[in-house]
Amino acid sequence: MMRAHDWSRSPLGDPVHWPQSLRSVVSLLLNSKFPMFVAWGPQLGFLYNDSYAEILGAKHPAALGSRFEDIWREIWTDIVPLIDAAMSGEAVYRENLPLVMNRKGFEEQTWFTFSYSPVWDESGQIGGMFCAVAETTDQVLAVRHQRFRIELEDALRDVAEPHVLADRAVAALGRHLGAQRVGYAKVLPGEETIVYEACYTDGLDPLIGGAPLAPFGAGLVARQHDGQTEICADVEADPQHDQGAWRAIDTRAFVSVPLVRDGRFFACFFVNFRAPHHWTPHEVALIEDVGTRTWAAIEQATAEIALRSSEARFRALLTTGAYSVFRMSPDWRELRELEGQGFLADTSEPNEGWLEAYVHPEDQPQVAIAVREALANKGMFESEHRIRQADGSLGWTHARAVPILDNAGGIVEWFGAASDTTARKRGEEALRQLTGELEQRIAIAVEERQAALAQVHEMQKMETIGQLTGGVAHDFNNLLTPILGALDTLARKLDGDERARRMTAAGLQAAERARTLIQRLLAFSRRQHLAPRPVDVSRLLSGFADMVSRSIGPGIRLSVSCPPSLPPALVDPNQLELALLNLVVNARDAMPEGGELAIVVAEERERRNPRLGEGRFIRFSVTDTGVGMDPATVKRAIEPFFTTKGVGRGTGLGLSSVHGLAAQSGGDFALDSQPGRGTTASLWLPVSDQVLAEAGVAANDAPIPRVPAATVLLVDDEDLVRGGTAEMLADAGYTVVSVDSGFEALQKVNTGLAFDILVTDYAMPGMTGAELAREVRRLRPQTPALMITGFATLTDREAGGLRRLAKPFRQAELAGALADLLEAGKESARSA
């Protein structure tokens with residue numbers, strides 16, 4: 001499409017005149033599966049790849065070569081400060097930035113995570129900006145809707161009244177969606193009329209009372225009866241809806257969720273907007289979920305009320321069939337008759353001292369008050385109080401009495417009944433004690449549930465970040481491979497040109513920093529392919545201490561304590577050095593005025609850390625006397641991209657990568673800190689039972705090994721990676737035959753190509769590198785093979801048991817790996 005595009009109207013002009021710097025960036029983004037774009041020149045001419053075209057929606061292909069501002073005019077005020085920063089030389093990163101876009105013919109709320117990076121042209125000036133972007137709208141909405149569901153569940157919990165449940169549910173959903181009206185309505189038998197039970201409004205009149213369903217159309221009613229959710233973005237653009245009925249309630253867009261059971265249309269839950277509204281699947285699913293939950297809660301509350309009412313009537317029936325019956329004078333001065341039936345002392349003689357004789361002294365005032373109220377209202381007397389029973393012991397009674405009236409309405413006497421409630425009152429006391437215990441247990445259970453939910457959310461977050469990191473790492477590793485290889489090869493050929501050597505060294509340093517950043521990301525997300533082996537901790541720290549002492553500055557006093565008798569630790573030594581360096585740099589930054597930094601290493605023989613499993617462990621402690629952290633900061637310190645440092649001073653991946661190394665290595669990581677009292681970072685690693693291997697030379701510092709005359713069959717579908725790798729191999733003395741697919745490689749093998757070793761990428765269209773190596777070995781069993789891959793999570797089974805070399809790599813690493821494989825193949829042939 002770009003080759004066929006008419007560039008005459010584009011601010012970029014004819015591609016023939018594009019500078020090499022722009023061509024290089026365009027080549028990178030066109031060969032990436034990750035959404036990317038570049039904006040170039042004073043007018044920011046816009047170029048992008050296929051993945052980004054999906055983000056543009058209907059703006060593609062008109063956006064190709066257009067001005068950045070013209071393409072994204074609706075969000076320009078939101079992003080122009082970020083663009084200005086990038087065009088001033090400052091790299092910008094934003095996570096989940098909210099933007100209101102119009103890319104499908106309507107406005108929609110979206111979220112994006114992206115980075116803007118300046119791109120320099122041949123003159124050393126900033127020629128444009130480069131962006132790698134991922135749309136996170138679905139993830140953000142899913143999290144928000146799930147949080148809303150939890151909050152709604154909490155709001156409806158313990159609500160006993162159906163109308164309160166309905167009111168809370170519609171109000172909560174209306175505020176969450178920003179809707180003008182949300183309601184819940186019952187459908188009367190016959191399915192011809194609805195009665196509005198609850199209605200939340202914001203700028204519209206509430207719907208109250210009842211209304212016929214017919215004006216809304218027979219088709220809508222039929223579909224609702226069948227349980228179909230009705231969704232309409234604009235009733236005036238949809239001829240199947242009666243526009244007059246919807247205008248009458250000032251509604252343009254709606255969702256109506258029917259609540260159907262056993263073929264009966266019982267109720268509906270609806271959301272209205274005054275203006276047209278594009279409903280997302282997330283919104284519809286949320287409305288359906290809230291409607292179903294609300295209906296279920298209302299039905300349950302209604303059933304509970306009916307049950308309580310039934311229980312109350314039954315209890316009243318038992319009470320009026322009382323155990324004891326009594327008669328009182330009209331003014332309650334004397335007890336005329338009492339048939340106690342063994343519960344109370346019987347009497348048939350008038351007794352004016354009944355209050356003192358029968359009622360507990362502390363309860364006599366409340367009984368007297370109940371009597372006065374009954375006399376004043378000529379209504380029922382009712383009281384529950386303590387009494388003296390027939391055997392002299394104290395008990396409880398519940399007494400009721402009604403007035404017997406003459407024809408003139410005067411009180412003749414009072415007739416009442418009293419029941420023995422002693423057992424019930426004692427049971428209530430026991431129940432109160434039991435309820436207190438249950439409340440404590442429930443509180444503990446709720447805390448445990450919240451902790452479990454937090455752990456699940458953390459695991460889901462880690463898994464999501466891990467998946468994203470693995471994919472980004474693969475693309476960046478592929479991008480870095482030709483860069484690192486080309487600079488490395490060029491550096492070896494520069495003799496005498498000191499300026500060129502400095503520039504090449506700077507490029508190599510930047511590429512290595514990028515590789516280190518990817519390793520940190522992978523270590524945090526636990527996606528790094530580690531190579532653990534026995535490590536002599538004392539030897540590692542001896543060289544490490546010299547390096548650290550030069551980098552922390554003269555104001556910090558460093559001490560290192562590591563007994564030489566320590567057993568070896570089982571860890572990837574490169575990752576261990578990186579982890580310790582991260583801890584030291586954090587400690588240095590925490591002591592801007594200087595201080596003391598102590599590195600203490602010891603075998604921890606006592607189980608002080610309950611999170612560690614069985615076995616022996618070595619503890620690395622890095623302690624500073626810096627500013628320290630409060631508990632909230634300590635809790636978030638290992639989160640990815642969280643940093644307390646200023647802009648440009650930290651990535652926020654240091655502690656998270658240390659935490660990832662500990663988890664992958666079978667150890668643990670912890671922080672102990674207080675504001676003003678410094679910080680101790682502790683890293684536990686398992687002790688190795690294996691024998692220490694002799695120290696080797698780092699691949700990056702090793703010379704290019706001498707190689708015999710050998711031919712390499714190189715297979716990689718990425719042009720830049722394949723070209724750069726071929727150049728490194730040819731420079732090392734190999735003869736290279738390069739192809740871009742496994743199928744083409746097999747064609748050359750079948751037609752008699754003579755080669756000594758296979759070097760193949762893993763992820764290729766049609767046939768993976770492992771499948772290709774398996775076919776080559778079937779045809780030529782003794783041919784060695786090397787897998788080069790940018791995937792950090794590739795397992796041994798997926799790699800087919802081949803030796804792997806992770807992208808990006810330098811020339812010495814590649815040549816050394818091939819030399820080892822060729823030598824091993826020769827020894828195998830001699831022994832055979």
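Me: What is the mean pLDDT of the chain, and where does the pLDDT fall below 50?
Reply: This is a predicted model, and 86% of its residues reach a pLDDT of 70 or more, with a chain mean of 83. The pLDDT is below 50 over residues 695-701, a stretch that has 8 contacts beyond near neighbours in sequence. Another such stretch, also with 8 contacts beyond near neighbours, is residues 314-322.

Me: How many helices and strands are there in the chain?
Reply: The chain has 832 residues, and 44% of them count as buried. Take the contacts with a separation of 6 or more: 59% of these come from residues 24 or more positions apart. As for the elements themselves, the count is 21 helices and 28 strands.

Me: Which residues of helix α1 are buried, and why do they line one face of the helix?
Reply: Helix α1 runs over residues 20-30, and its buried residues are S21, L22, V25, V26 and L29. Look down the axis of α1 and those buried residues fall within an arc of 130 degrees, so they line one face.

Me: Which strands are among what covers the buried residues of α1?
Reply: The buried residues in question are S21, L22, V25, V26 and L29. What covers them includes β1 (36-40), β2 (45-48), β4 (107-120) and β5 (126-135).

Me: Is K59 buried or exposed?
Reply: K59 sits in the loop between α2 (50-56) and α3 (68-71). Its relative accessibility is 17%, and the cut-off for buried is under 20%. So K59 counts as buried.

Me: How far apart in space are K59 and R103?
Reply: Leaving out residues up to four places away in sequence, K59 touches I71, W72, E74, N102 and R103. K59 and R103 are 44 residues apart in sequence. In space, C-alpha to C-alpha, they are 6.0 Å apart.

Me: Which element gives the largest share of the lining of the second largest pocket?
Reply: That pocket has a volume of about 790 Å³. The elements giving two or more residues to its lining are β4, α5 (137-156), α6 (162-177) and α9 (281-320). The largest share is 6 residues, and it comes from α5.

Me: Which residues lie nearest the centre of the second largest pocket?
Reply: The lining has 29 residues in total. By class, they are 8 nonpolar, 13 polar and 8 charged. Nearest the centre lie E108, Q109, L141, T280 and E283.

Definitions and conventions:
Residues are numbered from 1 along each chain as its sequence is written. This is a predicted model: local features need pLDDT of at least 70, side-chain atom pairs count only at pLDDT 80 or more; totals for chains, interfaces and linings use all residues. Side-chain values use heavy atoms; hydrogens and water are left out. Buried means under 20% relative accessible area, exposed over 50%, partly exposed in between (1.4 Å probe, protein chains only). Helices (H or I, at least four residues) and strands (E, at least two) are DSSP runs, numbered from the N terminus. The arc is that of the directions from the helix axis to the C-beta atoms. Contact means heavy atoms within 4.5 Å. pLDDT is the predictor's confidence in each residue, from 0 to 100. On a 1 Å grid over the protein atoms alone, a cavity is a set of points where a 1.4 Å probe fits but cannot get out, and a pocket is an open set with protein on both sides within 12 Å along at least five of seven lines; lining residues have an atom within 4 Å of a point. Grid points are joined across faces, edges and corners, and a volume is the space filled by probe spheres set on the points. Ala, Val, Leu, Ile, Met, Phe, Trp, Tyr, Cys and Pro count as nonpolar, Asp, Glu, Lys and Arg as charged, and the others, Gly among them, as polar.
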